[in-house]
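This report concerns the structure shown below. Please keep the sequence and the model at hand while reading.

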Amino acid sequence: MSGSQSSIESTLVENRVFEPAAEMAAGAAVSGMAAYEALYKEAETDLEGFWRKRAKENLVWSKPFTRVLDESNAPFYKWFDDGELNASANCLDRHMGTPTENKTAIIFESDDGQVTKVTYKELLSRVARFANVLKTQGVKRGDRVIIYMPMTIEGVVAMQACARIGATHSVVFGGFSAKALQERIIDVGAVAVLTANYQMRGGKELPLKSIVDEAMAMGGCEAVTSIVVYQRTPTDVNMVAGRDHFMDALLASESDVCPPEMVDAEHPLFVLYTSGSTGKPKGVQHATGGYLLWARMTMNWTFDLKDNDVFWCTADIGWITGHTYVAYGPLAAGATQIVFEGVPTFPNAGRFWQMIDRHKCTIFYTAPTAIRSLIKAAESDAAVHPKQSDLSSLRILGSVGEPINPEAWMWYHRHVGGERCPIVDTFWQTETGGHVITPLPGATPLVPGSCTLPLPGIMASIVDESGQDMPNGDGGILVIKRPWPSMIRTIWGDPERFKKSYFPDELGGTMYLAGDGAVRSKDRGYFRITGRIDDVLNVSGHRMGTMEIESALVAKTDLVAEAAVVGRPDDVTGEAIVAFVVLKGARPEGDEAKRIAKVLRDWVGTEIGPIAKPKEVRFGDNLPKTRSGKIMRRLLRTLAQGETITQDTSTLENPAILEQLAKAL
Ligand code: PRX
């Protein structure tokens, strides 16, 4: 809980309130605040009974569970653990023999605008065939498989195919470097890697397979015996005989029937790496039953999904949002969804609006960073303004990944939602598996910039550092006091770190520590997230650990002696990365400083990935340190924001350094 904010300004008062429209409330899954409150109360009074009922109704079990929540080994909670099911059967097979089997499951739009549609029946046959490929490649139940693929139907099929045979997938975002990929392959102990020759983004062909090759060549990945390559573009890539196989060739010799492997509800469905406060990313492990239940329930609660909805979550499958609200939730709920390969600004910044129009999207779910950058684009070029597209199909908008500032919220509401569509500002994390604090479109009065209230079963609270509840209006630490089905089960291979990170002794050992600061409004008790309380940054909705970037910088041993990384607010990306660096040689100035800054930025790009490149690099003869040698990050944050230091600097060993570091390049 380092650096936790005890005194968060609660001066920002937002007075605008948007009540749900009568017609939205009328047909909604949760209609009106009284209905929400009743559900919340029901869960509060009988948590197990609440989830027993919903797990029975919403999932298909091959062996029914008798136990709901097992707390005997807290905080290693188990849910429905004597029940058996299969995630892929719950997303696909369950719809067979119902009208959904011929419904469009995925409307895929490629980077260059080609549209492909698959029905549920077709998707099942593709998943089953791919699952057979995995089996033939020797992948067994319980094995781990790395997926390093583009945002395509094949990516979703790969995830579902792993789930079908009981293999645990670990998707690595296609923007991560060879080094980051290698670390994940090793940590998770993967036996196979599913990839593509290239990916298409913004009109550019970007390599994937050659990065896998690089990762493999770094060593330590010997457990990987098979690499399956989806040929996304005609361009050739190097193939290693015996190890590498083209996906299409393998699929051609398999049947499209593959009975799903039933697993117990606690069986790890996936491990997804995310950043924490140390240099090493954490493998967040999710269980099959609880996770899937949450994915399905939140499609109904938060998105109020109806049979004729066209759902679009713009997140990549490399992130948790793309897991829960692309690969699993929409399919479990039998929705038609849009899957988009490209970027919001190609061929122009009207792409999202044009696609909503083209595919008659009804529920649109994206990140504040995207909204902010599209606002900028629309303001300078009327041709890409949402008003150029017919957005009348929309009925619900969503936001995820970072706080949405009220100005962006209002623009989204007005120009995209035509002042008709509620905005669900969904707060959640890789660790929570799905939404935990969010408005419900037919129930919750909306306040811009607030994620409002917890879902039923989420006992969210704001406490001080000793775990005492804070009164509304006072900022504190966001916690969840009782377990919920889709919560993180452990950190892969590191149960001690799991306990320490999420269930610290200071808070009693059973309260989930989210890692965010928050404040509840005095009038409604609405939650507003004020940002991370640990050393984690949120850049364009992507979670980055400052230590991770620091480790990367100091790994450039020929140049760097010391580095400290902090965030500063940024209008578009939310936060921007600023690195303070002490070189082994003399402190560079002028063009030389610019040159070395570029070398270091590129280095971080190859160590972690382009998303981790510092926006700014500042060089100093030293870093501000206490007499005991501790770097004063607090001061660096102030400097990075371009503000004058008002904090006490009397404990500093070297106060003169502040002036030097205050100057940006
Ligand atoms: O700081 C919070 C922020 O994103 C963090 C979780 O990041 P990640 O695990 O990558 O998952 C992102 C997608 C769910 C949180 O700790 N965050 C996420 N949603 C919101 C948010 N901050 C404010 N408002 C949100 N709606």
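The report covers strands, aromatic pairs, charged side chains and the ligand in turn. The model is a predicted one.

**Strands and sheets**

Trp312 has Ile338 in β17 as its bridge partner.

An antiparallel case is provided by strand β9 (residues 198-201) and strand β10 (residues 204-207), which are joined by 4 bridges. Here Met200 has Glu205 in β10 as its bridge partner. The hairpin of β9 and β10 has 2 residues between the strands, and Gly202 takes a positive phi near 55° in this hairpin.

**Aromatic rings**

The structure holds 35 aromatic pairs. Such a pair is described by the distance of the ring centres and the angle of the planes. Two of the pairs are listed here.

| Pair | Distance of centres | Angle of planes | Class |
|---|---|---|---|
| Tyr36 and Tyr40 | 6.0 Å | 45° | tilted |
| Trp353 and Trp411 | 6.2 Å | 55° | tilted |

Why does the pair of Trp353 and Trp411 count as tilted? The planes of Trp353 and Trp411 stand at 55°, and the pair is tilted because stacked rings need planes under 30 degrees apart and edge-to-face rings need over 60. Trp353 is buried, its relative accessible area being 1%. Trp411 also counts as buried, because its relative accessibility is 9% and the cut-off for buried is under 20%.

Tyr36 and Tyr40 both belong to helix α2 (residues 33-45); they are 4 residues apart and therefore separated by about one helical turn. Tyr36 and Tyr40 are both buried.

Seven residues make up one aromatic cluster: Phe76, Tyr77, Trp484, Phe498, Tyr502, Phe503 and Tyr512.

**Arginine side chains**

In two places the charged end of an arginine sits over a ring: Arg54 over Phe50, 3.7 Å from the ring centre, and Arg184 over Phe176, 4.5 Å from the ring centre.

A polar atom of the Arg164 side chain lies 2.7 Å from the backbone oxygen of Cys258.

**Ligand surroundings**

There are 17 residues around the ligand, and those that come nearest are Asp425, Thr426, Thr430, Asp516 and Arg543. Thr426 has a polar backbone atom 2.8 Å from a nitrogen atom of the ligand. Pro403 places a backbone N or O atom 3.5 Å from a nitrogen atom of the ligand. An oxygen atom of the ligand, in turn, is 2.8 Å from a polar side-chain atom of Arg532.

Key:
Residues are numbered from 1 along each chain as its sequence is written. This is a predicted model: local features need pLDDT of at least 70, side-chain atom pairs count only at pLDDT 80 or more; totals for chains, interfaces and linings use all residues. Side-chain values use heavy atoms; hydrogens and water are left out. Two strands pair if DSSP finds at least two bridges between them. Rings of Phe, Tyr and Trp (its six-membered ring) pair if their centres lie within 6.5 Å; planes under 30 degrees apart count as stacked, over 60 as edge-to-face and the rest as tilted. Buried means under 20% relative accessible area, exposed over 50%, partly exposed in between (1.4 Å probe, protein chains only). A charge sits over a ring if NZ of Lys or CZ of Arg is within 6 Å of the ring centre and within 35 degrees of the ring normal. A residue is near a molecule or strand if one of its heavy atoms lies within 4 Å of it. A polar contact is a pair of N or O atoms within 3.5 Å; within protein, one must be able to donate a hydrogen and the other to accept it, and residues adjacent in sequence count only if both atoms are side-chain atoms.
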